[in-house]
Amino acid sequence: MSTTAFVISLLAIVNLSIMTVFCWMKSGRQHAFLWFGFMFFATAMAILNNTTIYNGHGNILIYHISLFLNVSWGGYLILFVSDLRRPTKRLKFRYACFIPSYIYILYIIYTLIQPKAGEEILNLAQQGQMNLFSILFNVVIVFYTIVSNIVLLIREYLPAHAIHNEKPVKLKERKEILWIMLVLQLMAFTPLIFALNLEYIILYMPVFGQIFFIYIFFKLSSSSILYYNPVVQYLAESVKKQSVKYANIKLDSSKAEFIYKQITDYLESSKPYLKSEFNIKSLSEELSISSNIISMVINSKAGSNFPDYINSLRVQKATELLKENKSLKLTIEAIGFECGFNNRTSFYNAFRKHTGKLPTEYIKATKDM
């Protein structure tokens, strides 16, 4: 191994190790960086393993760590893309993605029981050869990585796997990353498969590999849409729950209009919402209509959820009482209780939401009119 190749490989190991740490530091906000960090780390260990072997200083521990990490490189890629597609607050680990690593552990145990087997691995590697097991696991690395990448790339082009309301830029970035990864893998593995120039194999990943990896790292780091956003996630989950909730309800327009009239007529005549304990369940029992149907009809006809709709009626009554308060002599809190609110905070929040003013501001405004 030439001095130039050795220096380049050493710099790549240091650089990729630093990037690994950066990725793992970022993984708290976006789990995709955890798996991306393992891609960096596996590559760094592969370069370290190759460098030590080709310089006659091979180490069985480094060899095993390198192959253990790399046999499931495809698993890291699957979880990486999965977390880019659907960022979640909780880390999800898929054990099936790491089956090759579990199998490789058995091989590690075998070389511990038979130390001569480990020595044979290193001796063959230093001569540019591999035993049957090494060939098998290197085939697994190549096959699992490339097939995983191709399958993931195909999925990105299938409409059935598109995420509802997903921003096009996010989909475009994932496709770009997967195409770059595929080109990187094909150019790295093809010479290995056909046993081409050894110097090319040694230098390719330290030079081109780390350039690709670092490019993707900064691409992800500058893309804020790839981070988990609790608010966006909550809204997405709410929409999903609403879709499931109303999935089996079939109402035509005239039926929905009839039910809405039933609801509004009852609320206008009986004014049950002026009692703080009034809720959708009590309305459902009174009208003998499913609470899910009531909720769906109010959402579609009034354009708000049930609690907001009821609070709007309570606030409307409160504005009337505030205008008449000269003769009634009630405190603002008492008016809130009269209108069905069970505490001052909920009354003030609802009043400001539906009128744009606090009760005190509303009183002042009406006096000035």
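Guide: Let us begin with a term: buried means under 20% relative accessible area, exposed means over 50%, and partly exposed lies in between, with a 1.4 Å probe and protein chains only. This is a predicted model, in which local features need pLDDT of at least 70 and side-chain atom pairs count only at pLDDT 80 or more, while totals for chains, interfaces and linings use all residues. Residues are numbered from 1 along each chain as its sequence is written, and side-chain values use heavy atoms, with hydrogens and water left out.

Visitor: Is Ser101 buried or exposed?
Guide: Ser101 belongs to helix α5, where helices (H or I, at least four residues) and strands (E, at least two) are DSSP runs numbered from the N terminus. Leaving aside neighbours within four places in sequence, Ser101 is in contact (heavy atoms within 4.5 Å) with Phe68, Val71 and Ser72. Because its relative accessible area is 3%, Ser101 counts as buried.

Visitor: Over which residues is the pLDDT below 50?
Guide: The pLDDT is the predictor's confidence in each residue, from 0 to 100, and the protein chain averages 78, with 78% of the residues scoring at least 70. One stretch has a pLDDT below 50, although in the model it has 21 contacts beyond near neighbours in sequence; this stretch is residues 224–240. Where pLDDT is low, the predicted coordinates should not be read in detail.

Visitor: Are α5 and α7 roughly parallel or roughly antiparallel to each other?
Guide: Two packed helices are described by the angle between their axes and the distance between the axes. Here the axes of α5 (residues 99–113) and α7 (residues 132–156) come within 12 Å and cross at roughly 170°, the axes being lines fitted to C-alpha atoms over the stretch in contact, with angles from 0 to 180 degrees between N-to-C directions. Angles under 35 degrees count as roughly parallel, over 145 as roughly antiparallel, 65 to 115 as roughly perpendicular and the rest as oblique. The two helices α5 and α7 are therefore roughly antiparallel.

Visitor: Which residues in α7 do Pro100, Ile103, Tyr104 and Tyr107 meet?
Guide: By class, this contact of α5 with α7 has eight nonpolar, one polar and no charged residues. Ala, Val, Leu, Ile, Met, Phe, Trp, Tyr, Cys and Pro count as nonpolar, Asp, Glu, Lys and Arg as charged, and the others, Gly among them, as polar. The residues that Pro100, Ile103, Tyr104 and Tyr107 of α5 meet in α7 are Phe133, Ser134, Phe137, Val140 and Tyr144.

Visitor: What distance separates the C-alpha atoms of Ser148 and Leu77?
Guide: Ser148 is part of helix α7 and counts as buried, at 7% relative accessibility. Setting aside neighbours within four places in sequence, Ser148 is in contact with Gly74 and Ile78. Ser148 and Leu77 are 71 residues apart along the chain, yet their C-alpha atoms are separated by 7.5 Å.

Visitor: With which residue does Glu257 form a salt bridge?
Guide: A salt bridge is a side-chain nitrogen of Lys or Arg within 4 Å of a carboxyl oxygen of Asp or Glu, and a search of the whole structure finds five. Glu257 is partly exposed, with a relative accessible area of 41%. In the salt bridge of Glu257, the closest N and O atoms are 3.2 Å apart, and the partner is Lys301.

Visitor: In which helix does Asp308 lie?
Guide: Asp308 forms a salt bridge with Lys353, at 2.6 Å from N to O. Lys353, in helix α17 (residues 344–355), is 45 residues from Asp308, and the pair links distant parts of the chain; Asp308 lies in helix α14 (residues 306–323).

Visitor: What is the phi of Ser288?
Guide: Most residues other than glycine have a negative phi. Ser288 sits in the loop between α12 and α13 and is exposed, with a relative accessible area of 67%. Although Ser288 is not a glycine, its phi is positive, at about 55°.
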